[in-house]
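Thanks, everyone; I would like to take a few minutes to walk through one chain.

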Amino acid sequence: MIRLLRLRRIAQVAALLLLTVLPWLNRGGFTGMKGSLFAFDFFGLPFADPLGAAQVALSGIVPGWRLTVGAFAVLIVALCLGRIFCSWICPFGFLSELVHGIRNKCPLKPLRHGFRSRAAIALLGLALVPLIGFPLLNQLSLPGGLSLGLLTAASPLSSKTIHTVLEHVLFFAVPFLPMLAVLIAELATGRRLWCRWVCPQSVLLALMARLPLAPRLQRTLSRCVCKGEPACRRACPLGLDPRTPRSSSPLECTNCGACVLACSRIHGGGLSALELGKKKG
């Protein structure tokens, strides 16, 4: 399990580095991988934000086949593996975890109705798309905005449109401002506000993760020896309580494995009271 968590950190760092370097590689002629977290091409295999594809369809435009196939590919991954995008790939999620670790080591307050809040935002945005003809929820995708900002940073500039140093700075900085504002707010409050309450892109992934095919957190009551504040809840980066089925629901849990590691340490490397696996029965 320790190796698995180290692998998760490596995957998070690699995803952020890839998004940072890839636009410059594309500019130099490499086209094997290209795109943003709204639509990404991996050596011919498309991946796309399912919520983005849904907004395109609701705006009255038939999504292209690559966008459609890419959206289904992401949903299938969530169906089979759960919300691993949030815990293994999402660059904003990685930065948010780091900020929370800097702010304090205390556990977050138990999460209540987080999915309901995110779902309400997603449904409201989807309802407005046919009226305004614009993918409004894309503006609430911090990982997508970050990837677009990195693409912008690698774009060649025209001296006819940007003249001063200040204009250069603003051109590159503006795409990152929403993400920076949220990270500052999370640093000030000590809470992971966005991932827990706002992110609409996590809603469809959570619904797919709730289906029986996805692995989910399992708890064996007879093995639990926690007293007082449980180590498994302290370890959860989202403040979930793995001992409570509603809290550790696939609608909230991202299958990061932090609670399983904390539980196994309490048992001295023996049988853990928690494990990630397919739903039994």
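Before the details, one cut-off: I call a residue buried when its relative accessible area is under 20%, and exposed when that value is over 50%. Please keep in mind that this is a predicted model.

With that cut-off, both Glu97 and Arg8 are buried, and their side chains meet in a salt bridge, at 3.1 Å from N to O. This pair links distant parts of the chain, since Glu97 lies in helix 5, residues 91-103, and Arg8 in helix 1, residues 2-27, 89 residues apart. Glu97 also forms a salt bridge with Arg9, whose closest N to O separation is 3.0 Å, and here again helix 5 and helix 1 are linked, across 88 residues. Arg8, Arg9 and Glu97 are therefore linked in a network of salt bridges.

Elsewhere, Arg66 in helix 3 and Asp41 in strand 2 are 25 residues apart, and they form a salt bridge with closest N and O atoms 2.1 Å apart. Asp41 is buried at 14%, while Arg66 is partly exposed at 32%. The search of the whole structure finds 5 salt bridges.

Turning to the surface, Val21, Leu25, Phe30, Phe42, Phe43 and Leu45 form a nonpolar patch with about 540 Å² of accessible area together. Phe43, in the loop between strand 2 and strand 3, is exposed at 54%.

Conventions: Residues are numbered from 1 along each chain as its sequence is written. This is a predicted model: local features need pLDDT of at least 70, side-chain atom pairs count only at pLDDT 80 or more; totals for chains, interfaces and linings use all residues. Side-chain values use heavy atoms; hydrogens and water are left out. Patches are made of residues with over 30% relative accessible area and no salt bridge: like charges are joined within 9 Å, nonpolar side chains (Val, Leu, Ile, Met, Phe, Trp, Tyr) within 5 Å. Accessible areas come from the Shrake-Rupley method with a 1.4 Å probe; for residues, only the protein chains shown count as cover. A salt bridge is a side-chain nitrogen of Lys or Arg within 4 Å of a carboxyl oxygen of Asp or Glu. Helices (H or I, at least four residues) and strands (E, at least two) are DSSP runs, numbered from the N terminus. Buried means under 20% relative accessible area, exposed over 50%, partly exposed in between (1.4 Å probe, protein chains only).
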